[in-house]
Amino acid sequence: MRSADRLESVLLAVVSLMGLLGVLVALTMGSDAYARNKVVVENQPPRHEVTAKVVGTPKQDNDTSFVVWSERDGRQITAAVGRERQDRVGGTREIWLAPDGEVVDRPATTADAMLHVIATGGRAVIVTALGWWLLTRSRGTANSEPDRA
C-alpha cells in the first residue's frame, strides 16, 4: 500500500471522527442555547407593545430614530430608539415598553432558542461538509498522479 493511500485513509478516519464530534458539539451547544433562552423567557420582566409614529430618522453617522406614541392617558411620549431599515418619517413601527414606560427590546421567545439551535447545527454541517470536500479534492489530486511501482 502506498504511503499516500495510508495518509488518505487516516485523513478519512479523522474527518469522519471530526464530523461525529461536530454533531455532538452542535447538539450540546444547541441544547445549552435553548436552556439559556428558556430561562430568559421565563424570567424576563413584563412588557407591552405599542405602535409608534416615526418622527425623525437618523443621519449618516447615527443609529437612532425618534418615535412618538400616545399613552393611555393621552400624553404624547417621544423617545429615541434603535434604527430599523424600514424607518421613514411618518411611518409606524412597533416598539416594546417596560411597565415604567422605558423602551426595551422585544421579548425573547422559544422560537429564538430554536433559531440558535438550527444555526449551531448548520455551522457543524458546513464545517463537516468542507472537510469532506477538501478530502475528496486531495484524493482526486492523489489519484491523478501516475503510479511509480
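This is a short tour of one chain, stop by stop.

**Before you start**

The model is predicted, so local features need pLDDT of at least 70, side-chain atom pairs count only at pLDDT 80 or more, and totals for chains, interfaces and linings use all residues. Residues are numbered from 1 along each chain as its sequence is written, and side-chain values use heavy atoms, with hydrogens and water left out.

**Stop 1: the whole chain**

Show the chain as a cartoon. Look for two helices and five strands. These are DSSP runs, numbered from the N terminus: helices are H or I with at least four residues, strands are E with at least two. From the N terminus, the order is α-β-β-β-β-β-α.

The accessible surface is about 11,000 Å², and 59% of it belongs to carbon and sulfur atoms. Such areas come from the Shrake-Rupley method with a 1.4 Å probe; for residues, only the protein chains shown count as cover. Of the 149 residues, 22% are buried. Buried means under 20% relative accessible area, exposed over 50%, and partly exposed in between (1.4 Å probe, protein chains only).

**Stop 2**

Two strands pair if DSSP finds at least two bridges between them.

Go to strand 1, residues 48–56. Which residues flank Lys 53? Thr 92 in strand 4 is its bridge partner, and Val 68 in strand 2 stands opposite Lys 53.

Move on to strand 5. Two bridges join strand 5 to strand 4. Pick Leu 97 and you will find Val 103 opposite.

**Stop 2: Thr 78**

Select Thr 78 in strand 3, residues 76–82. Is Thr 78 buried or exposed? Thr 78 is exposed, with a relative accessible area of 53%. Leaving out residues up to four places away in sequence, Thr 78 touches Val 67 and Val 68. Touching here is contact: heavy atoms within 4.5 Å. Thr 78 and Val 67 are eleven residues apart in sequence, yet 5.6 Å apart C-alpha to C-alpha.

**Stop 3: Arg 93**

Select Arg 93 in strand 4. Arg 93 is buried, with a relative accessible area of 9%. Show the side chain. It reaches the backbone oxygen of Gly 82 at 2.9 Å. A polar contact of 3.0 Å also joins the side chains of Arg 93 and Asp 87. A polar contact is a pair of N or O atoms within 3.5 Å; within protein, one must be able to donate a hydrogen and the other to accept it, and residues adjacent in sequence count only if both atoms are side-chain atoms. Beyond four places in sequence, the contacts of Arg 93 include Val 50, Ser 65 and Val 81.

**Stop 4: the largest pocket**

Stay on Arg 93, one of the residues lining the largest pocket. Which element gives the largest share? Strand 4 does, with four residues.

A pocket is found on a 1 Å grid over the protein atoms alone: an open set of points where a 1.4 Å probe fits, with protein on both sides within 12 Å along at least five of seven lines; lining residues have an atom within 4 Å of a point.
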